[in-house]
Amino acid sequence: MKQIIAVIKPFKLDEVREALANVGVTGLTVTEVKGFGRQKGHTELYRGAEYVVDFLPKVKVEAVVTEEVLDSAVDAIIKAARTGKIGDGKIFVRSVEQVIRIRTGETGAEAV
């Protein structure tokens, strides 16, 4: 099993969620986060004073999937989250050693 972690623009969350549901991903964890990459923030004007916004709002989407679903889930995220502009985000894939559903005690792929 693999864990997919995608950091995306907040307004793309609904599109990513729908795309993942269409490829069979049934569970997600979503966290509001702040960060920057090459985008390096931007300057804003507030009441006549200019200030730098270093950390931009992003959304972190996490899902654990089986190996069979992995490639289609990653492709779905890429297609749904891409705007073609800087700051679209990143996707990380990590191995998951074990999954246990607390309520039933199921383990492995049945627990996902």
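**Close-up 1. Ile-4 and its bridge partner Val-93 in the predicted model.** In strand β6, the residue that pairs with Ile-4 across the bridge is Val-93, as seen in this predicted model. Strand β6 covers residues 89–95 and is joined to β1 by seven bridges, the two strands running antiparallel. Val-7 also faces this strand, where Lys-90 stands opposite Val-7.

**Close-up 2. Strand β1 between its two partners.** Strand β1, residues 2–8, has six of its seven residues buried, that is, under 20% relative accessible area, and so β1 is largely enclosed by the rest of the structure. With strand β5, residues 56–65, β1 pairs in the antiparallel sense over seven bridges. Val-7 stands opposite Lys-60 on the β5 side, and opposite Lys-90 on the β6 side.

Close-up 3. The strands form an open sheet of four in the order β2-β5-β1-β6, and the pairing is antiparallel. Strands β2 and β6 stand at the edges with a single partner strand each, so one side of each is left without a neighbour in the sheet. On average, and with direction ignored, neighbouring strands of this sheet are turned by 20° against each other.

**Close-up 4. Helices α1 and α2 against the strands.** Helix α1, formed by residues 13–22, lies across β1, β2 and β5, and runs at about 10° to β5. Helix α2, formed by residues 67–81, packs on the sheet and touches β1, β5 and β6, while the direction of α2 makes about 5° with that of β1.

**Close-up 5. The largest pocket, with lining residues from β2 and β6.** The largest pocket has a volume of about 320 Å³. Its lining is made up of 14 residues, of which Phe-36, Gly-37, Arg-38, Gly-89 and Lys-90 are the closest to the pocket centre. The elements that give two or more residues to this lining are β2 (29–35) and β6, and the largest share, three residues, comes from β2.

Close-up 6. Strand β5 gives the most to the lining of the second largest pocket, contributing four residues. The lining residues here divide into nine nonpolar, six polar and one charged.

**Close-up 7. Ile-100 in the segment after β6.** Ile-100 is found in the segment that follows strand β6. Although Ile-100 and Lys-90 are ten residues apart along the chain, their C-alpha atoms are separated by 27 Å. When neighbours within four places in sequence are left aside, the residues in contact with Ile-100 are Gly-105, Glu-106, Thr-107 and Ala-111.

Definitions and conventions:
Residues numbered from 1 in each chain as written. Predicted model: local features only at pLDDT ≥ 70, side-chain atom pairs only at ≥ 80, totals over all residues. Heavy atoms only, no water. Buried < 20%, exposed > 50% of the residue type's maximum accessible area, 1.4 Å probe, protein only. Pairing = 2+ DSSP bridges. 1 Å grid on protein atoms, 1.4 Å probe; cavity = no way out; pocket = protein on both sides within 12 Å on 5 of 7 lines; lining within 4 Å. Points joined across faces, edges and corners; volume = space filled by probe spheres on them. Nonpolar A, V, L, I, M, F, W, Y, C, P; charged D, E, K, R; others polar. Axes fitted to C-alpha atoms, helices over the stretch in contact; angles between N-to-C directions. Contact = heavy atoms within 4.5 Å.
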